[in-house]
Amino acid sequence: MGGALHWITYTPQGSPSIFAFDLGVENFREVPLPRLQNKIVKDMNIVIFAESLCMLEYFPSIRIDVWAMKDYGVGNSWCKLFSVEQPKVAGCRIKPIFYSKSRQDVLLEADNKEVMWYNLKRKSAKTVKIANLPIVFDLEVYTESLVSPDYNFSCGGSQLPSQPQEKKKQQQQRNKEVSIFYFICQVDDMLDFNVKLDN
């Protein structure tokens with residue numbers, strides 16, 4: 001996001017800050033936080049969601065607030081998108097993946113072990129059962145590109161020497177990850193799907 005890497009730091013007093021390292025100019029900068037009621041945030045995380053830098057503020061076993069920076073780098077553009085208040089989910093380390101087409105549900109990854117739909121109106125959660133999913137996983141949203149990931153080029157434009165075995169392993173892992181993500185996307189697109197949902 002913004003051509004930079006982001007992470008969270010804390011002062012000895014417990015006050016959080018978001019720092020970014022700009023990969024283009026190779027310098028550090030502080031990203032302004034949203035205006036939180038509680039200045040001492042004990043637990044938070046940052047993710048990319050809905051094409052925005054988002055901050056997750058955890059209130060263990062109570063709720064998780066999801067904040068989004070609508071205009072990257074502008075402090076007063078932070079707004080709270082939603083809160084996850086379902087007890088089954090509020091005690092987890094969640095990561096929002098994407099909205100459903102109706103935007104009434106959000107697909108969540110919970111504790112790197114579960115995938116679930118969270119209904120923003122009913123505040124209910126339903127687990128998505130996916131066959132052959134690894135015990136521990138990490139879902140990511142990717143951007144489609146016409147550039148093949150099989151071609152590695154140096155800065156000068158010449159193709160780098162191929163590494164068949166290593167590239168084959170990487171491609172197999174990438175295909176597996178994309179297949180899982182593609183399957184989840186298809187669940188959202190189908191009007192009548194056969195994926196079992198458990199309360």
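So, let me open with a question: is D65 buried or exposed? Hold that thought for a moment. What we have here is a predicted model, so keep that in mind as I go through it.

Okay, D65. With a relative accessibility of 2%, D65 counts as buried, because the cut-off for that is under 20%. And D65 has a charged partner: its side chain meets that of K80 in a salt bridge, 4.0 Å from N to O. D65 sits in strand β6 and K80 in strand β7, 15 residues apart. K80, at 42% relative accessibility, counts as partly exposed.

Another one is between R93 and D43, at 2.6 Å, N to O. R93 is in the loop between α1 and β8, and D43 is in the loop between β3 and β4, so this pair ties together parts that are 50 residues apart in sequence. Both ends are partly exposed: R93 at 38%, D43 at 25%.

Then there's E140 with K95, where the closest N and O atoms are 3.1 Å apart. E140 comes from the loop between β11 and α2, while K95 belongs to strand β8, so parts 45 residues apart get tied together. K95 is buried, at 13%.

Now the nonpolar side of things. The largest nonpolar core has 20 residues, and among those with the most contacts inside it are F49, F82, I94 and L108. Strands β4 through β10 each supply at least two residues to this core. Take L108: leaving out residues up to four places away in sequence, L108 touches V84, V89 and I94, including also K95, M116 and Y118 among its contacts. Apart from that core lies another one, of 12 residues, with A20, L53, M55 and M69 among them.

β2 and β3 pair over 5 bridges, and A20 has R29 in β3 as its bridge partner.

Last stop, the β10 and β11 hairpin. The two strands run antiparallel, joined by 4 bridges, with W117 partnered to K126 in β11. There are 4 residues between the strands, and K123 takes a positive phi near 55 degrees.

Technical notes:
Residues numbered from 1 in each chain as written. Predicted model: local features only at pLDDT ≥ 70, side-chain atom pairs only at ≥ 80, totals over all residues. Heavy atoms only, no water. Pairing = 2+ DSSP bridges. Core = buried A, V, L, I, M, F, W, Y, C linked by side-chain atoms within 4.5 Å. Buried < 20%, exposed > 50% of the residue type's maximum accessible area, 1.4 Å probe, protein only. Contact = heavy atoms within 4.5 Å.
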